[in-house]
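User: Hi! I am new to reading protein structures. Could you walk me through a few features, one at a time?

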Amino acid sequence: YTTFSFSHLSVLPTSAKAGEPITVSFDVATTGHSTGAEVAQVYVSDPSATVPRPERELQGFERVALKPGESRRVSIRLDQRSLSYRDVVSHGWKVDPGKFVVRVGDSAENTPLNQEFTVE
């Protein structure tokens, strides 16, 4: 068993039009003395939503195997569906404009990295 750290979060673009993809990039590093694998997870929060939504929705993940002292850059692309919810009125997927928050970590309870972005 080993330990990992997350750092250098980048969310681009920081302001996007609805339908434009968002790229979430970050570094995962082994901080322990053994080879190991971590599942890096990307959660999205939508505090601007006009309907109740979960506080954190898992929208992407990647398994990363690393040797002691090794780090790797991970990039996960969020598409429109990653930011949408099912609208019961229109019977389709909808993105509310406003602020979103990306959270990165190894579980919903451990997301040490976070950054806001805006959808117009």
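This is a predicted model: local features need pLDDT of at least 70, side-chain atom pairs count only at pLDDT 80 or more; totals for chains, interfaces and linings use all residues.

User: Is Leu58 buried, partly exposed or exposed?

Analyst: Buried means under 20% relative accessible area and exposed means over 50%, with partly exposed in between. Leu58 has a relative accessible area of 43%, so it is partly exposed. You will find Leu58 in strand β5, residues 57–66.

User: Now the inside. Which residues touch the most other members of the largest nonpolar core?

Analyst: That core has 25 residues, and Val24, Phe26 and Val104 are the ones with the most contacts to other members. Several strands each supply at least two of its residues, among them β1 (4–12), β3 (22–30) and β9 (98–105). Looking beyond neighbours within four places in sequence, Val24 is in contact with residues including Leu9, Val42, Ile76 and Val104.

User: What about the backbone? Which residues are joined by a cis peptide bond?

Analyst: First, the general idea: most residues other than glycine have a negative phi, and most peptide bonds are trans. Here, Leu12 and Pro13 are joined by a cis bond with omega about -5°. Pro13 lies in the loop between β1 and β2.

User: Where is His8, and what is its phi?

Analyst: His8 is in strand β1, and its phi is positive, about 55°, although it is not a glycine. His91 also has a positive phi, about 60°, and sits in the loop between β7 and β8. With 57% relative accessibility, His8 is exposed; His91, at 58%, is exposed too.

Technical notes: Residues are numbered from 1 along each chain as its sequence is written. Side-chain values use heavy atoms; hydrogens and water are left out. Helices (H or I, at least four residues) and strands (E, at least two) are DSSP runs, numbered from the N terminus. Buried means under 20% relative accessible area, exposed over 50%, partly exposed in between (1.4 Å probe, protein chains only). A nonpolar core is a set of buried Ala, Val, Leu, Ile, Met, Phe, Trp, Tyr and Cys residues joined through side-chain atoms within 4.5 Å. Contact means heavy atoms within 4.5 Å.
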